[in-house]
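Hi everyone, thanks for making time.

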Amino acid sequence: RSFLSREDVGIILISQCLAELIRHAVEAHARALPAVLEIPSKEHPYDPAKDSVLRRARRVFAPDDLR
């Protein structure tokens with residue numbers, strides 16, 4: 001949570017499997033900066049259904065816009 005309040009941090013990269021452990025905090029973050037981006041890890045494949053940024057984008061854009 002301390003990274004979210006820092007002025008010198010613009011992007012937070014977090015593995016998707018760890019983001020699942022703190023999903024409530026990831027979902028609650030609504031500010032543009034710092035951006036919280038979920039990335040795959042070597043041990044766990046990327047699951048687009050769990051990506052909070054992609055889910056927000058799907059609400060804003062039409063499905064054809066995301067192809």
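**A walk through the chain**

Let's begin with serine 15, which counts as buried because its relative accessibility is 14%. Buried here means under 20% relative accessible area, exposed means over 50%, and partly exposed is in between, using a 1.4 Å probe and protein chains only. Serine 15 sits in strand β1, and it is in contact with Ile39 and Ser41 if you leave aside neighbours within four places in sequence. By contact I mean heavy atoms within 4.5 Å.

Quick housekeeping. This is a predicted model, so to speak of local features we need pLDDT of at least 70, side-chain atom pairs count only at pLDDT 80 or more, and totals for chains, interfaces and linings use all residues. Residues are numbered from 1 along each chain as its sequence is written, and side-chain values use heavy atoms, with hydrogens and water left out.

Okay, the overall layout. The chain has 3 helices and 2 strands, and from the N terminus they run β-α-α-β-α. Those elements are DSSP runs numbered from the N terminus: helices are H or I with at least four residues, strands are E with at least two. Of the 67 residues, 22% count as buried. Among contacts with a separation of 6 or more, 51% are between residues 24 or more positions apart.

Now, which residues does proline 34 touch, leaving aside neighbours within four places in sequence? They are Phe3, Leu4, Val9, Gly10, Ile11, Ile12 and His29. Proline 34 is in the loop between α2 and β2, and it counts as buried because its relative accessibility is 0%. Its C-alpha atom is 6.0 Å from that of valine 9, although the two are 25 residues apart along the chain.

Move on to alanine 35, in strand β2. This one counts as partly exposed because its relative accessibility is 23%. Not counting residues up to four places away, alanine 35 touches Gly10, Ile11 and Ile12.

Next, charges. Side chains of opposite charge can pair when their charged atoms come close. How many salt bridges turn up in the whole structure? The search finds 2, where a salt bridge is a side-chain nitrogen of Lys or Arg within 4 Å of a carboxyl oxygen of Asp or Glu. Arginine 23 meets glutamate 20 at 2.6 Å, N to O, and arginine 23 also meets glutamate 38 at 2.7 Å, N to O. Together, Glu20, Arg23 and Glu38 are linked in a network of salt bridges.

Last stop, isoleucine 11. You'll find it in strand β1, and it counts as exposed because its relative accessibility is 54%.

That's my tour, so over to you.
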